[in-house]
Amino acid sequence: MTKIYAIVNQKGGVGKTTSVINLSAYLAATGRRTLMVDIDPQANATSGVGVDKTALEASIYDLLLEQTAVADVCVERAEFNLDLVPSSPALSGAEVELVNAIGREYRLQKALDELNGRYEYILIDCPPSLSLLTVNALTAARDGVLIPVQCEYLALEGLSQLTQTIELVRKYLNPDLTIRGLIMTMYDSRTNLSRQVVEEVRSYFPGKVFRTIVPRNVRLSEAPSYGQPINVYAPTSPGALAYKVLTAEILKGDQVKETTA
Ligand SMILES: Nc1ncnc2c1ncn2[C@@H]1O[C@H](COP(=O)(O)OP(=O)(O)OP(=O)(O)O)[C@@H](O)[C@H]1O
Ligand SMILES: [Mg+2]
């Protein structure tokens, strides 16, 4: 069975793309057949694994709007043992074009259905908005959402709007949608603020915050400019270790779920 997670937070710059790239890379490194889906017009997940977003023959735009088959859009990144549904700047116009399209909220879900269990994990990187593109990701996210939260002042801001959107999508579009977990990112162990934010988010979302916390680590911010995930760029860095342990935590939780299902 394929597990499909959307990585969502309408707040910008909280670590969505960094989490998608590096969780995908570690899932792939543990031998899981993994697909990354980039549904953000910024296409940072695409460039972050070394794919030139301006030189693509087809992208998620074609998949959503032209009904191009997902297999014809996939890019193989054999170096990282990963496949990618890339994004391109053309996607920024998709929102408007999708508005009158039939089944507009289900376009991504339908496309991923075609894959028929080819992957064990599919991770979807969302734009920083609660747009139709994000709704497509939430509708496709059969196994829930991962919410990165930056350890900073006002971290909780916007999360109630996000949970309301998740509720609405669950009610009308995807009855299986749940919050799989919150990922605390850019933790600075030198400040009390980081610690307080983690406590605050834990009390607001009891039992939902992953134990593994991602530290602020310059290696994580450098890796995308080399088009490499952290397990290749700086495998012994604290950022790499965090995403490795977080991947193991997610895999373990998924196994427990399967055995109790
Ligand atoms: N743990 C970290 N330590 C240091 N820098 C980080 C960390 N996580 C992310 N960054 C950096 O912070 C910036 C924002 O991260 P990222 O692009 O992953 O966020 P995002 O939520 O995807 O942003 P957007 O909303 O624009 O899509 C990037 O420059 C990234 O390299
Ligand atoms: Mg991003």
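Trainee: Which residues of the largest nonpolar core touch the most other members?

Mentor: A nonpolar core is a set of buried Ala, Val, Leu, Ile, Met, Phe, Trp, Tyr and Cys residues joined through side-chain atoms within 4.5 Å; buried means under 20% relative accessible area, with a 1.4 Å probe and protein chains only. Here, among 56 residues in the largest such core, Ile39, Leu108, Leu112 and Ile124 touch the most other members. Helix 7 (residues 132-140) gives this core its largest share, 6 residues; helices are DSSP runs of H or I, at least four residues, numbered from the N terminus. A second, separate core has 32 residues, including Val51, Leu84, Leu123 and Leu251. This is a predicted model, in which local features need pLDDT of at least 70 and side-chain atom pairs count only at pLDDT 80 or more, while totals for chains, interfaces and linings use all residues. Residues are numbered from 1 along each chain as its sequence is written, ligands are numbered from 1 in the order in which they are written, and side-chain values use heavy atoms, without hydrogens and water.

Trainee: Which residues come nearest to ligand 1?

Mentor: A residue is near a molecule if one of its heavy atoms lies within 4 Å of it. Of the 18 residues around ligand 1, the nearest are Lys16, Thr17, Thr18, Pro215 and Asn217.

Trainee: Which atom of Lys16 lies 2.8 Å from an oxygen atom of ligand 1?

Mentor: A polar contact is a pair of N or O atoms within 3.5 Å. In Lys16, the atom is a polar one of the side chain. Pro215 instead places a backbone N or O atom 2.9 Å from a nitrogen atom of ligand 1.

Conventions. Buried means under 20% relative accessible area, exposed over 50%, partly exposed in between (1.4 Å probe, protein chains only). Helices (H or I, at least four residues) and strands (E, at least two) are DSSP runs, numbered from the N terminus. A polar contact is a pair of N or O atoms within 3.5 Å; within protein, one must be able to donate a hydrogen and the other to accept it, and residues adjacent in sequence count only if both atoms are side-chain atoms.
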